[in-house]
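The following exercises concern one protein model. Please work through each task before reading its solution.

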Amino acid sequence: MKVIFKPLSKEVENAFTINCRKNPRLTIGRKDTNDIVLPFRNVSSFHAIVECVDEVIYVEDLNSTNGTFVNDNRITGRVSVADKDRVRFATYEFLIEVEKEEEKQSVETDEASNGTVLMDASKVQEIQEIIEEESKDDNNVANKEKGTETVLYGVKGLVQYGRLVLLDENRNFLEEFELKESEISIGRDSINNISIDHPSISRVHCFINRKDDYYEVVDNDSTNGVFINDKKVKKAILKNGDILKLGDKEFVFIAPGELFSPSFLKDKKEKKSFNFDRKKVYITIFAVFFVLIVILALLPSGEKRVKRNTKISVKELKLDVINSFKNEDWDNVVYLIENFNLKGFENEYSKAKFEIENRKKYLKLVDLISDNNFQEAEKLLSTIDEKSVYYQKGQSLLTEKKGEFISNKLEEIDSLIDSDKIVEAYNKIIKLKTKFPENEKISLLAQELEKKYKTYQKRKKARQKYFALRRKVNSQANSLVEKAKELYLNGNIVDSIAKLIDARQLYIAKNLTVPSKIDRLKENLSKVRTLYLKGKKQVMQGNTEAAANNFEKLFEISKKYLWGEDGKIENECKKLLKDYYVSKANSFYKVNNYTKALDYANRVLDISPSDRSMQALKRDILRKAKSLYNKGYIEQTQYNNCKAALYYFRQVVEILPSSDPIYKKAMKRIKECEK
């Protein structure tokens, strides 16, 4: 029995076959050591095993990453499959076709027939009789009673490629096309491999792809579609005798090595167009069977029968044994010697049986290597006889894969070292050293990494100690800074500065860097103290304007770099400046500089909110601003005099701060007038 796995995926070009007698077990995977190699990244190194046991086909998944599927169902372990099942390895799908051996046939006839019979030697399943060659010119002629029959082997096999035959309306052969190329395009355009100039056929109608042992038709989104035996398809495998219809044109597909009669097509067409009554057909069939039974019962028992035997010479069998031995096809060597009782091959037979036993261990070895279980693989290798070819293969494979595994791991560790991941790299090298203690490269790298790991641990402990000390000092220093803030807000600048100096000393005593925040606070407190003393002295001397400048700088420093303008010192400075601000507000009001007058009035009210004179001044300025706004509004809306309106609105904007609601209204009116 033969099991053919026909690819259904475009990426796989060739089918593969299992001969249940000669080679019943095949491994499938990405690595070159497999029997069937699928060189794709999503296929595991050793993906699955296909095995034929007592004419039952089994597929076994080898814990592959992307799985093995039977009819779209993922399998685990070993599962039996049957004819027409679909098997997928990762994303690459195959259709199973089972070819069973033909039974021995006998031909009954009244007389021996004369003639020539064409036989395909590649399809002969069983050898029933062995005839010694009598001469080099023996043409396999079997002499029968009253006649002869000439058997020609291999004639059909001479046709290496499939053929596509164009048919006319009556299904007569018009033109034959040989399908040699791996991809054949068919269409109306002259650029196609097969050009059929007919309006019902698209420019590029379809493609026929030649695979390892079959042909596949693929529709190229044609207008009128592709039909096989009147069934529309997008993609399908062609079988011998299939009727391929493209538009209004019909073709017949003839497979490689097959013979086909045009009369069969005519009979097929007539049967298709014939409308029949099923009841009548059943009655007719029953009547025919009844007549045949009666005729067979009346036939004499002594009828002569002729049995047609397929024949092959001993010389060819021996040559096959020798070639199989050279090619290390041990199963075929044993099969031929045992089944045909061939003499003189005792050494070859013993060697083949010996290698088959060692091959079983070798396949287990391959599985262990694929799982990176090198220690168990080495133990299993020691059980394989050193005289076996599989010992050398196993040893080479183990050395190669172990070297690849170690190289990949060392590259991974080097990458971790480059990324300063010393701990992770050290843990990996220790595991690798435990697994391969005899490897010199691993031992040297382990020693180097051990030194780096110890240095890293020392630095880590030092850093931990440093950060623990810094956290402790930071906590103490922050407490001193809070006390300095409290003292400053109560007007005690000298003591506040002293606390900041104590905080600095904490860091210096522990050999730690002093935070820049503490130095900036100390520096700004010293500036505030200097400005305060200078301004206070100037107020006492009557130089209020100069004092005001110093106090303004003091306010700015307090707001930006210290703890705001609500401290005791700031409030004292504002009180010293109150009379100065009052005089400034009044003087600016007299010269109609309402903007500055309002600014100084607000300063006075910030210091003393209940000051009635400044409250009255502020109300008067706001009334003037509102009056100016109303004048501008009248000029704009009633007299449409934007020029005059702009004059009033701009005065309002100059007087009032931007936060005032009337200021915002005036700005809106200015934009309208400017348009």
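Rings of Phe, Tyr and Trp (its six-membered ring) are paired here if their centres lie within 6.5 Å; planes under 30 degrees apart count as stacked, over 60 as edge-to-face and the rest as tilted. The model is predicted, so local features need pLDDT of at least 70 and side-chain atom pairs count only at pLDDT 80 or more, while totals for chains, interfaces and linings use all residues. Residues are numbered from 1 along each chain as its sequence is written, and side-chain values use heavy atoms, with hydrogens and water left out.

**Exercise 1. Aromatic pairs**

Task: Determine which geometry the pair F16 and F94 adopts, and which parts of the chain the pair ties together.

Solution: 
Step 1. In the pair of F16 and F94, the centres are 5.4 Å apart and the planes stand at 65 degrees, which is edge-to-face.
Step 2. F16 belongs to strand β2 and F94 to strand β11 (residues 92-99), so the contact ties together parts 78 residues apart in sequence. Strands (E, at least two residues) and helices (H or I, at least four) are DSSP runs, numbered from the N terminus.
Step 3. Buried means under 20% relative accessible area, exposed over 50%, and partly exposed in between (1.4 Å probe, protein chains only). F16 is buried at 7%, and F94 is buried at 0%.
Step 4. A further pair, Y426 and Y453, has ring centres 4.1 Å apart and planes at 10 degrees, so it is stacked. Y426 lies in helix α8 (residues 422-435) and Y453 in helix α9 (residues 440-489), 27 residues apart. Y426 is buried at 15%, whereas Y453 is partly exposed at 22%.
Step 5. F16 and F94 also belong to one aromatic cluster together with F5 and F89.

**Exercise 2. The open sheet**

Task: State in which order the six strands of the open sheet are arranged, and which strands stand at the edges.

Solution: 
Step 1. Two strands pair if DSSP finds at least two bridges between them.
Step 2. The order is β2-β1-β11-β10-β7-β8, with antiparallel pairing.
Step 3. β2 (16-19) and β8 (73-74) are the edge strands; each has a single partner strand, so one side of each is left without a neighbour in the sheet.
Step 4. Two bridges join β7 (residues 68-70) to β8 in antiparallel fashion. Across this pairing, F69 stands opposite R74 in β8.

**Exercise 3. Salt bridges**

Task: Identify which residue forms a salt bridge with E97, and where D72 and R86 lie.

Solution: 
Step 1. A salt bridge requires a side-chain nitrogen of Lys or Arg within 4 Å of a carboxyl oxygen of Asp or Glu. The structure holds 32 of them.
Step 2. The partner of E97 is K6, with the closest N and O atoms 3.1 Å apart. E97 is in strand β11 and K6 in strand β1 (residues 2-7), 91 residues apart. Both E97 and K6 are buried.
Step 3. D72 and R86 meet at 3.4 Å, N to O. D72 is in the loop between β7 and β8, and R86 is in strand β10 (residues 86-89), so the bridge ties together parts 14 residues apart in sequence. D72 is partly exposed at 46%, as is R86 at 27%.
Step 4. K527 and E523 form another salt bridge, at 3.8 Å. Both lie in helix α11 (residues 516-540), four residues apart, about one turn of the helix.
Step 5. Salt bridges with shared partners join D72, R86, R88 and E93 into one network.
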